[in-house]
Amino acid sequence: MISEQRKLDIKNALLEGRSIDQIIIENGVSKATKYRIKAAMNINLPANKRDRPAKLSPQSKRICTRMILSGEYRSATSIQKKLEMDNIVNA
């Protein structure tokens, strides 16, 4: 069982933006433990800094999916033109 102090240390390290490997080394816990603590404390962290930013918002993705599944549009190009015309997204 992990002490409350260690849990607090992990939470603070997460909020500071330290990497998983750093947290594991500093606190001597496994990755699974780190993720369980993160989930239990409802910590919302920004996406990984190395990831490329998303071009579409979640709402725009849902709109595109609906357009494709409805059969109204058959290609990504036609969807792109429609979204740009409606000023939803500039793709």
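Among contacts between residues at least 6 apart in sequence, 37% join residues at least 24 apart. Keep in mind that this is a predicted model.

**Start with the whole chain**

Show everything as a cartoon. Trace the chain along its sequence and the pattern reads α-α-α-α-α. Now colour by confidence. The mean pLDDT of the chain is 77. A value of 70 or more is reached by 81% of the residues. Select helix α1, residues 4-16, where confidence is highest, at 83. Then select α3, where confidence is lowest, at a mean of 78. Switch to a surface view next. Of the 91 residues in the chain, 20% are buried.

**Select α2 and α3**

Pick residues 20-27 for helix α2 and residues 31-40 for helix α3. How are two packed helices described? By the angle between their axes and the distance between the axes. Here the angle is about 105°, and the axes lie 10 Å apart. Angles of 65 to 115 degrees count as roughly perpendicular, so α2 and α3 are roughly perpendicular to each other.

Now show side chains at the contact. Which residues of α2 meet α3? Look for Ile20, Asp21, Ile23 and Ile24. On the α3 side, pick Lys31, Lys34 and Tyr35. By class, this contact of α2 with α3 holds four nonpolar residues, three charged ones and no polar ones.

**Step into the loop**

Select serine 30. This residue sits in the loop between α2 and α3. Is serine 30 buried or exposed, or in between? Its relative accessible area is 36%, so serine 30 is partly exposed. Display its side chain and that of threonine 33. The two side chains make a polar contact, at 3.0 Å. Next, draw a C-alpha to C-alpha distance from serine 30 to isoleucine 20.

**Finish at asparagine 27**

Go back to helix α2 and select asparagine 27. Its relative accessible area is 8%. Buried means under 20%, so asparagine 27 is buried. What does asparagine 27 touch, beyond residues up to four places away in sequence? Select Arg6, Asp9 and Ile10 to see these partners.

Methods. Residues are numbered from 1 along each chain as its sequence is written. This is a predicted model: local features need pLDDT of at least 70, side-chain atom pairs count only at pLDDT 80 or more; totals for chains, interfaces and linings use all residues. Side-chain values use heavy atoms; hydrogens and water are left out. Axes are lines fitted to C-alpha atoms, for helices over the stretch in contact, and angles run from 0 to 180 degrees between N-to-C directions. Helices (H or I, at least four residues) and strands (E, at least two) are DSSP runs, numbered from the N terminus. Angles under 35 degrees count as roughly parallel, over 145 as roughly antiparallel, 65 to 115 as roughly perpendicular and the rest as oblique. Contact means heavy atoms within 4.5 Å. Ala, Val, Leu, Ile, Met, Phe, Trp, Tyr, Cys and Pro count as nonpolar, Asp, Glu, Lys and Arg as charged, and the others, Gly among them, as polar. Buried means under 20% relative accessible area, exposed over 50%, partly exposed in between (1.4 Å probe, protein chains only). A polar contact is a pair of N or O atoms within 3.5 Å; within protein, one must be able to donate a hydrogen and the other to accept it, and residues adjacent in sequence count only if both atoms are side-chain atoms. pLDDT is the predictor's confidence in each residue, from 0 to 100.
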